[in-house]
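Please open the structure in your viewer and keep the selection tool handy. We will take it one stop at a time.

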Amino acid sequence: MSRPVAICCLLSALYMWTLCNAQSDSGSPAIQLRLAGEKRKHYEGRVEVFYNGEWGTVCDDDFSIYAARVVCKELGFVDAESWSPSAKYGRGEGRIWLDNVHCTGGEKSLAHCQSNGFGVSDCKHSEDVGVVCTQKRIPGFKFIRNQANSEEGLTVQVEDVRIRATYSHRKRIPITDGFLEVKDGGKWRQICNEEWTEMNSRVICGMYGFPGEKRVNTRPYKLLAKRRKKNYWGFSVNCTGNEADLSDCKLGREIELKGNHTCEQGMPVVVSCVPGRAFAPSVSAGFRKAYRVEQPLVRLRGGAMIGEGRVEVLKNGEWGTVCDDNWNIRAATVVCRELGFGSAKEALTGARLGQGMGPVHMNEVECSGFEKSLTECYFNRDALGCSHEEDAAVKCNVPAMGFNKRLRLSGGRNPYEGRVEVLAEKNGALVWGTVCSDSWGTMEAMVVCRQLGLGFASHAFQETYYWQGDASADAVVMSGVRCSGTELTVDQCLHHGKHIECPKGGGRFSAGVSCTQTAPDLVLNAPVVEQTTYLEDRPMYALQCAHEEHCLSSTADKADPTSYRRLLRFSSQIHNNGQSDFRPRAAHHSWIWHECHRHYHSMEVFTHYDLLSLNGTKVAEGHKASFCLEDTHCDEGIQKRYECANFGAQGITVGCSDTYRHDIDCQWIDITDLKPGDYIFQVVINPNYEVAESDYSNNIMKCRSRYDGQRIWTYNCHIGGSLSSETEETFPGLLTNQLSYR
């Protein structure tokens with residue numbers, strides 16, 4: 001006869017455990033589950049089983065997604081996302097309790113799945129299995145809490161958490177103040193504030209995208225609470241303040257629930273958060289724009305969404321990256337709060353958001369969690385052995401601003417593409433309408449994709465007749481849109497006011513986009529340019545091909561065939577540091593064949609080479625024509641994929657570079673008419689933003705250059721965005737990034 005068995009699962013600071021009930025026809029033994037291990041979020045980790053008074057692990061032999069589902073559901077999560085073999089979350093200790101586990105996915109507990117039996121295993125801890133659960137909790141799941149076997153104490157486990165604004169604050173965005181409520185057993189409940197601390201509020205604010213908390217005047221809330229029916233949660237909460245999520249905080253003492261007499265000395269918890277500057281509700285936008293922000297010491301690069309990216313720090317006027325050794329959620333949270341976001345959702349390692357350039361400034365970072373800046377944390381200054389393949393990155397919690405509700409894509413084949421439709425005010429009412437596609441390009445598309453949370457733009461469309469949008473939203477409600485690329489919403493871009501101006505009209509000429517989760521990032525190798533510059537005098541008759549392709553200055557049109565042109569020659573190496581291949585936007589059929597050079601050009605404009613005077617005026621220009629794109633050299637272990645020969649596919653693979661040697665045609669600037677003096681030598685890749693990239697700031701390289709009429713010196717070459725703003729101010733045009741000729 002079967003008898004019910006209490007199956008317990010607990011959740012602790014380093015571990016996650018949950019107590020549940022299981023029942024077995026064969027009288028399965030009582031077990032508890034928890035998720036443990038390093039560098040993890042609260043819904044993932046090494047699977048550990050408590051059996052016979054002792055914690056042990058599960059071997060990865062025969063483990064499957066069905067077994068992961070059983071584990072996650074037993075822990076109170078809706079489902080499993082994935083599982084990992086080979087001790088991804090570190091090696092466990094003690095016994096390996098289960099091996100050759102076979103589940104169908106419908107079992108109530110891991111104890112019900114077929115296995116070799118408890119303690120029967122031929123595995124080592126290098127085969128410990130891990131799982132990743134969905135973040136969503138099972139609605140109404142009862143987390144049965146049992147203090148037995150809990151050395152570290154339980155952590156908070158609830159279905160959901162929210163800040164519930166009062167009626168007067170409902171329309172404010174973002175919601176920064178309100179009653180705190182937790183969902184447990186399918187019901188929203190308040191927490192008694194008798195033992196509530198500022199550190200608890202700090203954690204809640206961090207979860208909701210706010211860097212800090214502030215004291216709140218509780219008097220109006222007290223009056224409101226008296227009129228409301230209370231439904232208290234049965235526990236207090238103990239946070240230290242450096243947790244990234246409430247689920248990392250310890251569960252406090254149990255509170256006796258006595259109906260309306262519960263929490264007689266206090267009232268429901270009220271939380272008030274301080275938003276970062278980018279999200280603060282502002283009365284005077286003009287004042288905020290006039291305020292000059294001081295040079296930050298930390299920044300994020302290469303992320304698709306606001307609040308995510310590769311972490312870069314400024315040291316001695318030069319930006320560099322952080323090595324991922326010891327990189328964890330605590331250090332990531334310090335970065336996020338410093339930049340005006342909340343706590344970190346994820347601490348990413350292994351250059352997950354693209355590789356940086358320049359030096360690696362920090363290694364083995366250790367933070368307490370209360371530092372004002374990452375630069376205050378302990379770190380090893382010696383980053384020997386750290387390459388950019390180990391660049392650390394973060395994803396931060398950001399406030400719910402509702403940006404994605406004011407914009408939509410319609411008519412596309414998938415949620416990542418379609419005609420852009422915006423919500424605009426017309427005659428006092430909010431209506432959906434289209435965007436005029438005049439001047440619509442990659443930068444504008446980038447802002448749309450970011451606003452919708454869909455990543456980077458892969459294409460910007462000026463004709464969308466093949467996408468049937470919503471007929472009620474056919475009218476053009478926005479025109480003249482010009483974005484710099486840093487805006488959070490299309491509304492923040494420059495655009496016409498109430499008077500719409502759209503010569504072609506909307507309809508088939510409405511603006512459209514397609515978005516993607518990853519993007520390439522082209523970076524020029526500055527030392528290669530600096531080391532290879534030299535002058536060459538070449539006769540006009542040897543430059544016929546180059547002249548045909550507009551690689552010489554305009555005075556060459558009238559030059560004598562026997563005369564000479566003076567060329568500033570150099571090599572350039574362009575590396576793809578991003579997360580996807582750099583591909584020309586034009587399809588094969590529209591590439592242009594150049595008979596002289598015997599290859600197809602896949603992009604109308606790929607690079608600009610210019611010499612500028614010290615005040616930023618162009619005095620000589622070089623190659624403006626298109627290029628054949630191919631993998632010349634690849635990092636170790638990466639296969640070349642693109643080759644121009646025989647009408648082959650063109651592009652630059654991630655981890656590969658396209659090299660243009662100094663001795664090939666058009667790899668120069670024609671300085672025949674240049675007077676001696678000091679100049680700025682500038683190279684710009686992808687200048688018209690023809691192809692979307694994760695970071696355009698590093699597409700420009702500037703050098704100092706001195707010409708005495710016979711010789712030329714090139715020095716101080718650096719990439720845009722690699723130096724502090726004070727240093728870059730000495731190079732005109734670099735800060736304003738005046739590259740586009742659209």
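Before we start: the model is predicted, so local features need pLDDT of at least 70 and side-chain atom pairs pLDDT 80 or more, while totals for chains, interfaces and linings use all residues. Residues are numbered from 1 along each chain as its sequence is written, and side-chain values use heavy atoms, leaving out hydrogens and water.

**Stop one: aromatic rings.** Searching the whole structure gives 16 aromatic pairs. Select Tyr466 and Trp467: their rings pair edge-to-face, 5.2 Å centre to centre with 80 degrees between the planes.

**Stop two: charges over rings.** Select Arg34 and Trp55: the arginine's charged end sits over the tryptophan ring, 3.8 Å from its centre. Then go to Arg162, whose charged end sits over the ring of Trp188, 4.0 Å from the centre. (This requires NZ of Lys or CZ of Arg within 6 Å of the ring centre and within 35 degrees of the ring normal.)

**Stop three: helix H5.** Select residues 329-338: seven of the ten are buried, so H5 is largely enclosed by the rest of the structure. Among the buried residues are Val334, Cys336 and Arg337. (Helices are DSSP runs of H or I, at least four residues, numbered from the N terminus.) Finish at Gly340, which follows H5 and has a positive phi, near 90 degrees.

Note on methods. Phe/Tyr/Trp six-rings, centres within 6.5 Å; stacked < 30°, edge-to-face > 60°. Buried < 20%, exposed > 50% of the residue type's maximum accessible area, 1.4 Å probe, protein only. Helix = DSSP H or I, 4+ residues; strand = E, 2+ residues; numbered from the N terminus.
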